[in-house]
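Let's take a walk through this model, one neighbourhood at a time. Have the sequence and the 3D view open side by side as you read.

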Amino acid sequence: MPRRIINAIYREGETEEIVLLSQMNESVYQNKYKGFLFCPNKECKARIVFATGEKRTYFRTWKSKVVNEEIMDEHIEDCPYFVEHNLVDKPLRRRDESLLYKLSSDHINRVLKKSFDRQFNPSKLQNRGKSKDGEKGASSRVRSERRQVPQGSAGLGSDGALDKAEREPSVFTKSVDDIIEADYGTVQCVDGFADKLIFGNDYPYILLTTKNDKKARIVFTEAFAANNDAQYKNLVVYEKYIDYLSENEPKPFCSCIGKVTKDNFGVTVNIEDYIALRINNKNYYQIIRDINKIK
Ligand SMILES: [Zn+2]
């Protein structure tokens, strides 16, 4: 069994200091430590991630990857924090809860479509899942599907998520008003009505309207900028579309999949890919087509 990681080395430029798990929280991590934490064993340069689970926070090692059938480990071989993931043994791998899986674009599209239907066509979702053979057939099918779902969690590229899963991990959908403390640090589908797109001092973001006095936004992160050059340079597309739709009620409905965090601003959903954002169930290219029609 690898030793539990209760502190990590923060290394940035000339700085090198020990940080304790007890000092860490999601906002401190996001603002300062993310990308700069390493294995507490000085000899080892394994990258460490801070994560918020359902009941507790923890440090974990950046995910190992399988490249050409070979496991690429983060820790050096004799490191006491060395994690042995059963990456090669498929049935065991499926049960490894600590593994993060990147979502496929098909899965993302399905989840976003469902988020829209949940808001505007709830009857459509109620009918789904009922087979002609009646309830029994449907529920046993659901049960057998559930058995095959990997226990791994949904992750984003910047978390070091693995590329392939035998089955896609579940992605929960929540209205922005329902986000609670336990959601911070998880990858989820979040939906809500957009107010406007703002080119903020830190990041460009879509401000969401909320029912309480909580502030919430969808942020176009550095990872988004790096992965989606064309869309990032053209965020005015979203801005124009939101402004145009805002002239009427209801306001434009945004569904997105990203990591939910809390920062100085409030609730933040960090997205890394343009396909992980839809407005009124339209993706970036459909929005461009619509805008061209408006002119
Ligand atoms: Zn190590």
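**A walk through the fold**

Start with strand β4, residues 48–52, which is mostly covered, with four of its five residues buried. Buried here means that 20 or more other C-beta atoms lie within 10 Å of a residue's own; with 12 or fewer the residue is exposed, and in between it is partly exposed, the C-beta atoms being placed from the backbone. Helices (H or I, at least four residues) and strands (E, at least two) are DSSP runs, numbered from the N terminus. Two housekeeping points before going on. This is a predicted model, in which local features need pLDDT of at least 70 and side-chain atom pairs count only at pLDDT 80 or more, while totals for chains, interfaces and linings use all residues. Residues are numbered from 1 along each chain as its sequence is written.

What does β4 pair with? Its partner is strand β5 (residues 57–61), in the antiparallel sense and over five bridges; strands count as paired if DSSP finds at least two bridges between them. Within that pairing, Phe50 has Phe59 of β5 as its bridge partner.

There is also an open sheet of three strands, in the order β2-β1-β3 with antiparallel pairing. Its edges are β2 (15–20) and β3 (37–38), each of which pairs on one side only. β1 (residues 7–12) is joined to β2 by six bridges, and the two run antiparallel. One spot to look for is Arg11, which stands opposite Glu16 in β2.

Now step back for the overall picture. The protein has nine helices and 16 strands, and buried residues make up 32% of its 295 residues. Taking contacts as residue pairs whose C-beta atoms, placed from the backbone, lie within 7 Å, residues 24 or more positions apart account for 61% of the contacts with a separation of 6 or more.

Next comes helix α3 (residues 105–120). Its 16 residues reach 23 Å from the first C-alpha to the last, close to the 22 Å expected at 1.5 Å a residue, where the expected span is 1.5 Å times one less than the number of residues. Which residues of α3 are buried? They are Ile108, Val111, Leu112 and Ser115. Seen down the helix axis, these buried residues fall within an arc of 95 degrees, so they line one face of α3; the arc is that of the directions from the helix axis to the C-beta atoms. As a rule, an α-helix has 3.6 residues a turn, so residues three or four places apart point the same way. On the other side of α3, Asp106 and Phe120 are exposed.

And what do the buried residues of α3 pack against? The answer is β10 (173–175), β11, β14 and β16. β10 and β11 run parallel, joined by three bridges, and Lys174 stands opposite Val190 in β11. With β14, β11 pairs in the antiparallel sense over seven bridges; Gln188 has Gly258 of β14 as its bridge partner. β11 is also joined to β12 (residues 204–208) by five bridges, again antiparallel, and a hairpin connects β11 to β12 through four residues. There, Leu197 has Ile206 of β12 as its bridge partner.

β11 matters for the next stop too, the largest nonpolar core. A nonpolar core is a set of buried Ala, Val, Leu, Ile, Met, Phe, Trp, Tyr and Cys residues joined through C-beta atoms within 7 Å. Of the 42 residues in this core, those touching the most other members are Ile206, Ile218, Tyr238, Cys254, Cys256, Ile257 and Ile271. The largest share, five residues, comes from β11 (residues 187–199). Domain 2 (100–159) and domain 3 (173–294) both give residues to the core, so it lies between them; the domain bounds come from an automatic or database domain assignment. Not counting residues up to four places away in sequence, Cys256 touches Val190, Ile218, Val269, Ile271, Ala276 and Leu277. Apart from this core lies another, of 14 residues, including Ile5, Ala8, Phe50 and Phe59.

Finish with some backbone details. The peptide bond from Glu249 to Pro250 is cis, with omega near -10 degrees, and Pro250 lies in the loop between α8 (236–245) and β14 (253–262). In the loop between β16 (277–279) and α9 (284–294) sits Asn280, which has a positive phi of about 50 degrees although it is not a glycine. Asn281 lies in the loop between β16 and α9 and has a positive phi of about 65 degrees, although it is not a glycine either. Are these residues buried or partly exposed? Asn280 counts as buried, with 20 C-beta neighbours inside 10 Å, whereas Asn281 is partly exposed, with 16 other C-beta atoms within 10 Å.

Conventions: Contact = placed C-beta atoms within 7 Å.
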